[in-house]
There are 2 protein chains.
Amino acid sequence: MRSDAPAPVMTDVARLAGVSHQTVSRVVNGSPNVSGPTKAKVLAAMEQLGYRRNAVARALATRRSGTLGVITFNTVLHGPVTTLYGVERAASALGLGVSIAVVDQITSEAVVRALTRLQDQSVDGVVAMAPQQDALRALTAELPALPTVFVGGVLGGGAGEASALPAVGTDQRGGAHAATRHLLDLGHRTVHHLAGPQDWLDASWRVEGWRAALSAAGAPEPEFVAGDWSARSGYSAMRTLLAADPGLTAVFVANDQMALGALRALDEAGRSVPGDVSVVGFDDVPEAEFFRPPLTTVSQQFAEAGRRAVQLLLDLIRPHDTPSGPSPRPLVPTELLVRRSSGPAPGVRSGVP
Amino acid sequence: MRSDAPAPVMTDVARLAGVSHQTVSRVVNGSPNVSGPTKAKVLAAMEQLGYRRNAVARALATRRSGTLGVITFNTVLHGPVTTLYGVERAASALGLGVSIAVVDQITSEAVVRALTRLQDQSVDGVVAMAPQQDALRALTAELPALPTVFVGGVLGGGAGEASALPAVGTDQRGGAHAATRHLLDLGHRTVHHLAGPQDWLDASWRVEGWRAALSAAGAPEPEFVAGDWSARSGYSAMRTLLAADPGLTAVFVANDQMALGALRALDEAGRSVPGDVSVVGFDDVPEAEFFRPPLTTVSQQFAEAGRRAVQLLLDLIRPHDTPSGPSPRPLVPTELLVRRSSGPAPGVRSGVP
DNA sequence: CACCACGATGTGAGCGCTCACATTGTTAGC
DNA sequence: GCTAACAATGTGAGCGCTCACATCGTGGTG
């Protein structure tokens, strides 16, 4: 299965082509100062020998590995995973490798370990997904001697937001605002909120957007209840919400999984959706369209965020090298997908007894 | 943000400790032939300088990078993602790095590109997730000069299965068998099957297990309908199934997303679950418990499969080195989780008009 | 007491590449 | 026609580590 002949090296190619190893290096690196015929000879020799440049040796000599690191947390949530793929796609399109380090607990120790692991693999820079306050704090505290870009969390909205950290993110605030506004436009007196865990930055951004839309419309701001992103927590949070205010007609839920749980709680409570209560989610997971009823939700372009993160990181690594176009706009817009879980506010009813 | 002092190297440590660079190397590598006092001196010097071994130089000298590659397909399906994390966890526990290469189309060209990318990063071995026939074929055809272990797909059940390829996988066949058997035990005359895409190996294993359980029980084997794993396809496949056999009472669906779609189709058709029709899924995605009704499904230990894949790969890379215990059993068992979507077959009814 | 074996240490070469510089040959310029 | 400039090429020294080997001291053996 493994061929035993040692892989050809630059000198082998040079010998066969009748040039020096340096000339081979020039050809491999696309240097302009190689004459046509020489270049052809070298290319032919490379082809014949099946030569492939040894990236490790190159990395040792240049002090650049051509690999990016990604720090991610141990979550199979839709967002992080999709972002990871976006990063990989963008990196590999640029000829860069991607190493991952999964952090399994939000302790600064675990974060440092992950960072160390990447550093030991001598990545040229890291894309960090730090969705929680604590994770972010740990990460910025132990800021590595490595160019780092944050994706998601840190940057989530805010008009004049001037983050000190290089970051890209989705416009969570805007998405939440749009979702809330959508419900208000449907005639609901106000919109309740089933929030994400409050130590998650994304969750705060969504609360903020919801709040902003409410106050802009002069609608009262009910207490919100926070879950932990899981369907289970959405279920019980919805029950809490219903108990507190049986007359509610519209809920903006901070993610689709929790919305799934909320739908179940509403069903069990005998509320029809969207007849009695309208529900809007966030994320647009692939299944959202097949919830009962199909979920109105806010779609995020995670892959695009990953792509921009890579571009930003590259700008950081090679300040004025290949400019690769202008720096990407850091805030990726969202899109509200109106499906069937949201509808007009129920007509005037007799007050609760 | 970046310190400018060049990182200390082995020689710096050696000088400070008053020993040779080789002795430092011995300490770093845990060689037994270093006296206590010397070792202490070296460790102190390392600590003082903040020395960290340069992995690139080491890789160049040893021809080993200490990095594993993972080939994965561009899918956010629950299984592959969880497996990826399992691989990362296992690798990092062993001090190995993980590089990923995402294949975005199932063409042998794309597969080769991904493989090349990993090879250029000089990974020591690769864990390949090749869920489809074509992907597997492309991968085995272009088998790299690299130790490779397959995870999922290839190995999916079968008693005396003797795969030529080093592989680990979940006992899909057994899981499907158990799911089907569960429904038969509930008194259903037979069990219909809503299958996955037939070019996916996992899908075939599940069909096989279903078939085996049916024939073992002497139950008739209805035609099955295949979807594409999505909720949408589950929805329409369920409608097809219902149209073909309005009297069906039990369905084994090849994954949870499709089961979600199937539940919706059943709901729309006025069938209650599990009153009229029992449904069993596969995978146990986190949301399955909050489907309506909570889904009976087969849980796979993806992370465990990832772990075993790494162990197997290591055995392949270092044949008789650190034995790291016996080779793992390649077939990871599944577990049937009985929830509320499956129940006793409906009592005898008058035949359809 | 000479001998050898063995543990502890040091020495130098080399992994495969790129860097900085030296060396050619060629053409342009006055 | 002689120099300056430049393109095309070659040379050697590292990058930071490990490998194979050489060297030194020590203690047990007959």
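Which helix of chain B gives the most to the surface near DNA strand D? Helix 4 of chain B does, with five residues. Before I go on, a word on what we're looking at: this is a predicted model, where local features need pLDDT of at least 70, side-chain atom pairs count only at pLDDT 80 or more, and totals for chains, interfaces and linings use all residues. Residues are numbered from 1 along each chain as its sequence is written, and chains are lettered from A and ligands numbered from 1 in the order in which they are written.

Okay, the DNA. Around DNA strand D there are 25 residues, and the closest are S20(A), M10(B), S25(B), N54(B) and A61(B). "Near" here means a C-beta atom, placed from the backbone, within 6 Å. Helix 2 (21-28) and helix 4 (55-62) of chain A, plus helix 2 (21-28) and helix 4 (55-62) of chain B, are the elements that give two or more residues to that surface. Sorted by class, we get ten nonpolar, 13 polar and two charged residues. For the classes, Ala, Val, Leu, Ile, Met, Phe, Trp, Tyr, Cys and Pro are nonpolar, Asp, Glu, Lys and Arg are charged, and the others, Gly among them, are polar.

Now DNA strand C. It has 27 residues around it, with M10(A), S25(A), A57(A), A61(A) and S20(B) coming nearest. Helix 4 of chain A supplies the largest share of this surface, five residues.

Pairing needs at least two bridges found by DSSP. S99(A) sits opposite S99(B) there.

Next, inside chain A. Strand 3 (125-128) and strand 4 (148-151) of chain A pair in parallel over three bridges, and V126(A) has T148(A) as its bridge partner. On to strand 5 (167-170) of chain A, which runs parallel to strand 4 with two bridges; F150(A) partners A167(A). In strand 4, T148(A) and F150(A) point one way, V149(A) and V151(A) the other, and all are buried, meaning 20 or more other C-beta atoms, placed from the backbone, within 10 Å of their own.

Last stop, another sheet in chain A: four strands, open, in the order 7-6-8-9, with parallel pairing. Strand 7 (225-226) and strand 9 (278-280) are at the edges with a single partner strand each, so one side of each has no neighbour in the sheet. Helix 9 (201-216) of chain A packs on this sheet, touching strand 6 (192-195) and strand 8, and its direction makes about 175 degrees with that of strand 6. Those angles run from 0 to 180 degrees between N-to-C directions, using lines fitted to C-alpha atoms, for helices over the stretch in contact. Helix 11 (256-268) of chain A packs there as well, touching strands 6, 8 and 9, at about 150 degrees to strand 8.

Methods. Contact = placed C-beta atoms within 7 Å. Buried ≥ 20, exposed ≤ 12 C-beta atoms within 10 Å, placed from the backbone.
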